[in-house]
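Subject: The structure, with notes on what turned up

Hi,

Here is the structure for you to open alongside this email.

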Amino acid sequence: MIVKSVRPFFLAVLCSLLVSCADGDDRRKEEADTSVRVVTDTDTAPDSETGLIVGFSQIGAESAWRVRNSSSMQEAAAKMGVQLLYANAEQKQENQIKAIRSFIVYQVDVIIFVPIVQYGWENVLNEAVAAGIPVIVADRKLKLSDPSLVAGFVGPDHLVEGENAARFLLRKYDGVPGPLLIFEIRGTDSSSASEDRAIGFRKIINADRRFKFVYSESGDFLRSKGKELVENFIREKGGFVFDDRPIDIIFSHNDGMTLGALEVLEEYGVNAGTDVTIVTFDAEQAAVDALKDGKVNCVVECNPDLGETVLTVAQKLSRGERIEYYTTVEERVFTEFENYDSLAPRGY
Ligand code: AHR
């Protein structure tokens, strides 16, 4: 099967259409990868079925999870003989919209994108529909007035992740009197990852009146911001306390922010894992190591390895096969109640 090669003029167009981030905010500093890349490895893809060209708009590189998620797409593309046009949006919805428009101009076979936020995609998705290019949403969900604007979703169930975090706390605090004070560090506002985790968690925890939220702020899934929020709080309150009561639980929406928070707690002599219970999401290596060290109590896995699954769905679509609207991936929960000495390296 002949695999189409990416035309050089297109790359020039694509690069000029994708805006590079010129501001100096924290997110920008934590971005490691700002390029538009074409990934293809037809020599090592004997089973290349379709010569598929896929445009992939990624959010950026805000966390170790996200970096692994991008590699998973790139590795799968190389293995499956798919040409992946990879665009890094550097945390800006407008950059994602530009990238999707560029993919439409090029008439890729399928567009895959990770929506940074849930709203504001209708116009560009209508353009994709008009061009006859199917769109698959990966990792984060979006809210659409017309769900048929996208062909399907492939990714984790962030709502279930939130529920699982709450279930851990119910088990840990079984029989313990309240109040139990929760300090929440949310992810990016309006992202489904953050909102669904919050909803799933509250669905379970709010039914138990011992648990009380005393703080909730967005740390944008950034380590630096997780650190900053906890530091500011401790400075303002004169300790990790609320109304002179120690905070019982940190409920942090990703490992990056958790690791930032751990740094500050240590600095101020608060023993993470014992003085304060730490619940976090992603299961990157550093967080699982912290769990093993007793500094974290529960790590809810968010599976970044979506590459093969989502590209398989893309191949089916391009062959005109029916696909499920929702394809979710398996995830587990790591808790202080188990031993993980023989756990395989996490890979991110
Ligand atoms: O959408 C998944 C979330 O986004 C991960 O929890 C987080 O680390 C990432 O940046």
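Arginine 202 is partly exposed, with a relative accessible area of 25%. This is a predicted model, by the way. The side chain of arginine 202 meets that of glutamate 184 in a salt bridge, 2.5 Å from N to O. Glutamate 184 counts as buried, at 0% relative accessibility. Arginine 202 sits in helix α7 and glutamate 184 in strand β7 (residues 180-186), so the pair ties together parts that are 18 residues apart in sequence.

Arginine 186 counts as buried at 19% relative accessibility, under the 20% cut-off, while aspartate 189 counts as partly exposed at 39%. In the loop between α6 (158-172) and β7 you will find proline 179. Proline 179 is joined to glycine 178 by a cis peptide bond, with omega about 0°.

**Other salt bridges**

How many salt bridges does a search of the whole structure find? The count is 23. One of them pairs aspartate 305 with arginine 68, and the closest N and O atoms are 2.7 Å apart. Aspartate 305 belongs to the loop between β13 (298-301) and α11 (307-318), and arginine 68 to helix α3, so this pair ties together parts that are 237 residues apart in sequence. Aspartate 305 is partly exposed, with a relative accessible area of 36%, and arginine 68 is buried, with 16%.

There is also a network of salt bridges, which links Glu62, Arg66, Asp139 and Arg140. Aspartate 139 is placed in the loop between β5 (135-138) and β6 (152-155), and it is buried, with a relative accessible area of 2%.

Phenylalanine 221 is another non-glycine residue with a positive phi, of about 65°. The loop between β8 (211-218) and α8 (223-237) holds phenylalanine 221, which is buried, with a relative accessible area of 4%.

The structure holds one cavity of 30 Å³ or more, and the largest cavity has a volume of about 90 Å³. Which residues lie nearest its centre? They are Trp65, Arg66, Arg140, Arg197 and Asp282, out of 13 residues in the lining. Helices α3 (64-80) and α7 (192-205) each supply at least two residues of that lining. By class, the lining of the largest cavity has six charged, four nonpolar and three polar residues.

The largest pocket has a volume of about 200 Å³. It is lined by 13 residues, and Lys141, Leu142, Lys143, Tyr325 and Tyr326 are the closest to its centre. By class, the lining of this pocket has eight nonpolar, two polar and three charged residues.

In soluble globular proteins, nonpolar side chains tend to be buried together. Here the largest nonpolar core has 49 residues, and Ile112, Trp121, Leu125, Ile136 and Leu311 touch the most other members. Helix α4 (residues 93-106) gives this core its largest share, six residues. Apart from it lies another core of 36 residues, including Val230, Phe240, Val288 and Phe334.

What does leucine 125 touch, leaving out residues up to four places away in sequence? Its contacts are Phe113, Val135, Leu142, Leu144, Leu149 and Val150.

Best wishes

Terms used. Residues numbered from 1 in each chain as written. Predicted model: local features only at pLDDT ≥ 70, side-chain atom pairs only at ≥ 80, totals over all residues. Heavy atoms only, no water. 1 Å grid on protein atoms, 1.4 Å probe; cavity = no way out; pocket = protein on both sides within 12 Å on 5 of 7 lines; lining within 4 Å. Points joined across faces, edges and corners; volume = space filled by probe spheres on them. Helix = DSSP H or I, 4+ residues; strand = E, 2+ residues; numbered from the N terminus. Nonpolar A, V, L, I, M, F, W, Y, C, P; charged D, E, K, R; others polar. Core = buried A, V, L, I, M, F, W, Y, C linked by side-chain atoms within 4.5 Å. Buried < 20%, exposed > 50% of the residue type's maximum accessible area, 1.4 Å probe, protein only. Contact = heavy atoms within 4.5 Å. Salt bridge = Lys/Arg side-chain N within 4 Å of Asp/Glu carboxyl O.
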